[in-house]
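Hello,

Here is the structure I promised to pass on.

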Amino acid sequence: MSRAVKPPGWLGAGAPAGAVDGASVEFEVTDHGARFVSDAAAARRLVKRLTPDGGTPLTLTGSLCPACHAAGDFDAMGLPMVVYELAGEIRCRKRCPDHGARTDVIWRDAALYHRARRWDERARHPAVPDRETGGPDGEGCCDTACCGSSVATGIGNITVTNRCDRSCHYCFFYAESGEPLHEPSKAEVRAMAETLAADGGIGAIQLTGGEPTVREDIVDLVAIASESADQVLLNSHGGRFAHEPDLAHRLSEAGARGLYTSFDGVDPETNYKSYWEFPHALSACRDAGMCAMLVPTVVGGWNDDQLGDVVRFGAANADTVCGVNFQPVSFVGRLSAEMRADQRVTISDVIDRVEAQTDGAVPREAWLPLPVYYTVSEFLRQWTGEGLYGVTSSYTSWMMTMVFRDGDDLVPVTDVVDVAGLLDAIRDTIDDYGWAPSGLDKVRAGKRLIGDLDGLLGPHAREHGLDVRRLVREAIDGEFAASVGDLYDDVLPLGVRHFQDPYNYDLARLADCDVHYAMPDGEVVPFSLYNVVPELYRDRVKRAHSITVEEWLERDYADLESAADERRTRRGDGVIDAAGEGEGVFGADLTYDRAVDAETRTTVDRAYAAAIEDLDPVWSVL
Ligand code: SF4
């Protein structure tokens, strides 16, 4: 697999990774933390200096200085960082010789953090196979001296454009006037997809941007990507589907599984990107057989009071909405550092708010870190040949759960099954019988699982007569949880995924990240390198592979007529209004299309209200 370029001096001088025996100190020393110390005594001294009075150190790791990073001083930005517990919170602290100490909060609820930590599944992560030996000791997605990742790509992103027809305030990627136009050719997209799939295949490729659907050849790109991946998703706001439902059909036929779509709230102020279009876009997805994953970027004081309504909206439309994945905002790009204190939202904040705003339908004890679900998926695959779709991450990065819909009610998953108990039972079975027992061992393991499951059913499932033996039989037959489907109208998976930023950057988390970007120069890098250190990755590649308007017009999908159409250009003071004569070709300006008439507004408002208040799908109103 291709390798990223290691930033010179990224980690500073120090002992090679692994020089400190973590067992000899009372806190964990990650490989990256070990680079800053020579032995256990030096680690203790460093942690003592960094941990404030009263704090309990948990981890010594590697990070970066946000000020050096912002100043472009990449040689000096590598720093040790201590993760510690204080006043019921998990915090991090580091000290730059030039810019002083910085503290940030990682999880506001230490108890939830420790619960997630108990499920650390790193030992079970899939490693990238070595190309020469076929063994699980390959170099990972990038230079091991950089992030140390040896995790195979779970979700591979390919940026197909930096054009966009919106201008969200927190965006870090759309092309503004005069900025380079980055639009890989079809051949480059094919090469990137093949690179992602090179090491044993890839589950999902996401075509991202910018807004991928502003590319006029997006259907061709989906077809190309789907030759390399089981699933192709579009990171799109879906607005174009509302006006061109036929596009959803064409994309679906080309192999698109669905949208991974920004959905920041349930009113036009918070979801100004697609509020008016989304119910129609969702209906178009449904008609075309595509799904939609809702992805709210959660910003403190802005939309964190709408999380419960987003869950209800998703549950109401769960035959097409395949999940909600909350993403606490990362402070990169266009969000100033001064807003950090007010707007910082942690994973445990989201979990608490979702519980409160759904009246307990998604309780905090229902959430578990994503890596355990990977274990379940792998267990099912080994036993039955049919796994769930699995991605993985650090236990501190991504929490998952689900909620059931029964008529007009949301049913907590903990009322269906004791999730933690079930996963413990599966892990114990793997530990005692291995991943794929056969013969008598398989019979014994199956019997034990049935016995365990029987005691783990929740009150709702018990009351409604869920049959445990049938459930296990279905799993073995590859009909996972069909009997659960008989009892409930729908199930909605929920996630909270916190991408890193320069303030909380933890290289140990990065090493477990399997959300990667392929770049046109052949490298594959983790999401949090590509976007958090853009100068060395995203922007470097964007510059190196940018094209001029004239070159863009030579593309077989671009034409003068389209480019000259004033709706195809981002307009504003001094920005072009005619192709080839201005500063660049940007997204379609859909302001024209977004002039929603009063009747449409009323219908769309009613569709949201029906979903949130009565759990009725939007197509019952449209
Ligand atoms: S729609 Fe997406 S790419 Fe476009 S400006 Fe908003 S966040 Fe950025």
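Ile155 stands opposite Ala204 in strand S8. The model is predicted: local features need pLDDT of at least 70, side-chain atom pairs count only at pLDDT 80 or more, and totals for chains, interfaces and linings use all residues. Residues are numbered from 1 along each chain as its sequence is written.

Helices (H or I, at least four residues) and strands (E, at least two) are DSSP runs, numbered from the N terminus.

First, the strand. S6 (residues 155-159) pairs with S8 in the parallel sense, over five bridges. Pairing requires at least two DSSP bridges between two strands. S9 (residues 229-234) also runs parallel to S8, joined by five bridges. There, Leu207 has Leu234 as its bridge partner. Five of the seven residues of S8 (residues 202-208) are buried, so the rest of the structure largely encloses this strand. Buried means 20 or more other C-beta atoms within 10 Å of a residue's own; exposed means 12 or fewer; partly exposed lies in between; C-beta atoms are placed from the backbone.

Next, helix H14 (residues 419-433). Its 15 residues reach 21 Å from first C-alpha to last, close to the 21 Å expected at 1.5 Å a residue. That expected span is 1.5 Å times one less than the number of residues. Val419, Leu423 and Thr429 are the buried residues of H14. They cover an arc of only 120° around the axis, which puts them on the same side of H14. The arc is taken over directions from the helix axis to the C-beta atoms. Exposed Asp431 and Asp432 sit on the face turned away from the buried side of H14. Gly434 follows H14, with a positive phi near 85°.

Best wishes
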